[in-house]
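Grab a pencil and have the coordinates open.

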Amino acid sequence: MPSTSFPFATEDAYQFPNHYLNLAYILIENGHLNNALPYLEALQHYYFFADMNVTIQNLLGSCYIKSSQFDKAIQAFTRALSTNPDYPPALANRARVYQRTGQIDLSLQDWDKAVALEPQNSGFKAEWEAVLAQARPKN
């Protein structure tokens with residue numbers, strides 16, 4: 001089996017950010033989450049244009065979810081949202097982590113905004129409704 005770890009200097013991430021972002025996507029898609037994390041963590045230390053920073057943080061947060069590092073996931077999604085507060089994927093991802101960690105009110109806040117930004121997204125609506133149902137007091 002070929003190696004899924006590629007040596008690199010942190011400076012390479014700054015010089016070739018798209019290369020390392022694409023490499024991280026490929027590694028994640030092929031189940032090599034632990035190999036993708038160092039590339040994403042290196043990329044997050046540099047300032048790129050806003051869209052790339054949001055993408056890096058959202059992908060990093062998604063990796064943290066998959067490795068059950070929920071505090072780190074929330075931090076990554078919050079960094080993405082500090083750059084673009086109207087980025088539905090980061091709102092939805094953070095809402096999912098909040099729900100998973102029992103922070104239902106915070107989950108609902110993020111779902112409310114994500115659904116308002118993408119009212120046609122039936123997946124968002126379904127997840128939002130599930131959290132609403134979870135938040136309702138049981139008789």
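**Exercise 1.** What should the 13 residues of helix H2 (residues 17-29) span at 1.5 Å a residue, and how far apart are its end C-alpha atoms?

*Solution.* First, some ground rules: this is a predicted model, where local features need pLDDT of at least 70, side-chain atom pairs count only at pLDDT 80 or more, and totals for chains, interfaces and linings use all residues. Residues are numbered from 1 along each chain as its sequence is written, and side-chain values use heavy atoms, with hydrogens and water left out. Helices are DSSP runs (H or I, at least four residues), numbered from the N terminus. The expected span is 1.5 Å times one less than the number of residues. For H2 that gives 18 Å, and the end C-alpha atoms sit 18 Å apart, so the two agree.

**Exercise 2.** Which residues of H2 are buried?

*Solution.* Buried means under 20% relative accessible area (1.4 Å probe, protein chains only). On H2, that picks out Pro 17, Tyr 20, Leu 21, Leu 23, Ala 24, Leu 27 and Ile 28. They cover an arc of only 160° around the axis, so they lie on the same side of H2; the arc is taken over the directions from the helix axis to the C-beta atoms. Just after H2, Gly 31 takes a positive phi of about 80°.

**Exercise 3.** Repeat the span check for helix H4 (residues 50-66).

*Solution.* Its 17 residues should span 24 Å, and the end C-alpha atoms are 25 Å apart, which agrees. As for burial, H4 is mostly covered, with 13 of its 17 residues buried. Just after H4, Ser 68 has a positive phi of about 60°.

Key
Helix = DSSP H or I, 4+ residues; strand = E, 2+ residues; numbered from the N terminus. Buried < 20%, exposed > 50% of the residue type's maximum accessible area, 1.4 Å probe, protein only.
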